[in-house]
Amino acid sequence: MLMAQTCALLGFACYAVVLTTLQEEWHLSNLQSGLIASAFFFGYMLAVPLATALTDRVDARKVYLIGGLSATFGLLAMGLLANNFWTAMFFMAINGAGLAGTYMPGLKILSDRIQSGELTRHIAFYTAFFGIGTGFSYLCSGWILSALGWQYVFGLIALGPFIAFLIVLLFIPALQHEKWNGPINIRLHDIFPVDKWKLVLQDKNAAGFIFGYTAHTLELFASRSWIVAFFAFCAIASGESFILAATTLAGVINFFGVPASILGNEIALRVGRQKWVCIVMLTSAVLGIAFACSTGQSWWLIVALAIGHAIFIMADSSTLTAGLVISAQENIKGAAMGLHSLMGFGGGLLGPAIFGFVLDISGSRTSQAAWIWAYVAVVMWGVLFVIYERRRGWGSAARA
């Protein structure tokens, strides 16, 4: 599943890598560029309620297979058919819907099959491999872009989710006994189980992990969508050549999030999940603003701050997801995971667009002040979450 997870995520950073290329070729504003990135998460949000509802009825493996094929089609269409803002929005949304059919259903595949050992550690590794998949996405997309052009980036990277489809099809055995024996009648209430979501949100611990995940993903996906463009601006502002290409740097930096997520979960098990989440979010905000202020400085300082920010963005990722999984009641765990993913990627939907919008209204991509304000606009949500939850008493709850 970890290999499948890595392959399924190879399409994640394709657009971030080609963002500046398409911005110039299609004459896009920063807001439009951010909206295309957000369309990926919009497609995810549309599909994830149905995907998670299905995993409560059938083997999640079946949902995963459909998701892998959808992501493959979305990437191929992006490379072959997209030619403007609107077509890119549409095909990126299909790509996002494909990821919705693989990411959380993949987690459900694990939880349905793991009968012994510490489940949260399995979840931590699965969540951490998100960073490996996105890291390779930056690296592979950058190499393809420099060698062949942006259309080939999407076309060749489409092999990633297709390989994930083959891995699950051939190597993950089906459940011996289906959980649902009757006909699969999916109603609107099943896709949007509002009553179950209310029960989830009534649990202070579970609700805190979900809201925290929303703030986390808003900052994470905004940063990942714009980091290549920011490195390009830093190279111009500093007047120095970076040791690596911007896309390669972005990929390498993403890999630091993998041990950060795994070790973060281990630290959280010792100091308490809520306390650790608060520490990480505040530190991430400080480092994010420092990173934005580093333009014009030496490349080693810029890269060091980028690594620090990447580490602390991811240091609470598996903690938030694992905390939700073990906090939610068993009979509504599927609905809780669906709401967790829906709200989390809702943050991902808003993040890139907020970033681009702030860039537009505060200057442009050539203004250092505009980049600072854009980073402030996405890191502030973690700070607000910590303030709100500490007042609400979440941080003083018993250790999870």
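A: Start with the salt bridge count: the structure holds 1. A salt bridge here is a side-chain nitrogen of Lys or Arg within 4 Å of a carboxyl oxygen of Asp or Glu. The partners are Glu266 and Arg270, whose side chains meet at 3.6 Å, N to O. Both residues lie in helix α14 (residues 257-271). They sit 4 residues apart, about one turn of the helix. Arg270 has a relative accessible area of 58%, so Arg270 counts as exposed. The cut-offs are these: buried is under 20% relative accessible area, exposed is over 50%, and partly exposed is in between, with a 1.4 Å probe and protein chains only.

A word on the model itself. It is predicted, so local features need pLDDT of at least 70 and side-chain atom pairs count only at pLDDT 80 or more, while totals for chains, interfaces and linings use all residues. Residues are numbered from 1 along each chain as its sequence is written, and side-chain values use heavy atoms, with hydrogens and water left out.

Now step back from α14. The protein chain has 19 helices and 0 strands. These are DSSP runs, numbered from the N terminus: helices are H or I with at least four residues, strands are E with at least two. The C-alpha atoms fill a box of roughly 65 × 50 × 35 Å, taken along the principal axes. Of the 400 residues, 60% count as buried.

Helix α17 (residues 317-327) shows what burial looks like. There, 10 of the 11 residues are buried, so α17 is largely enclosed by the rest of the structure. Among them are Ser317, Leu320, Gly323 and Val325.

Helix α19 (residues 368-392) holds Val376. At 22% relative accessibility, Val376 is partly exposed.

Last, the cysteines. A disulfide is a covalent bond between the sulfur atoms of two cysteines. The test used here is a pair of cysteine sulfur atoms within 2.5 Å. A search of the whole structure finds 0 disulfides. Cys7 is in none, and its nearest cysteine sulfur, that of Cys140, is 9.7 Å away. Cys7 is buried, at 11% relative accessibility. Cys140 is partly exposed, at 21%. The cysteine sulfur closest to that of Cys140 belongs to Cys14, and the 9.0 Å between them is too far for a bond.
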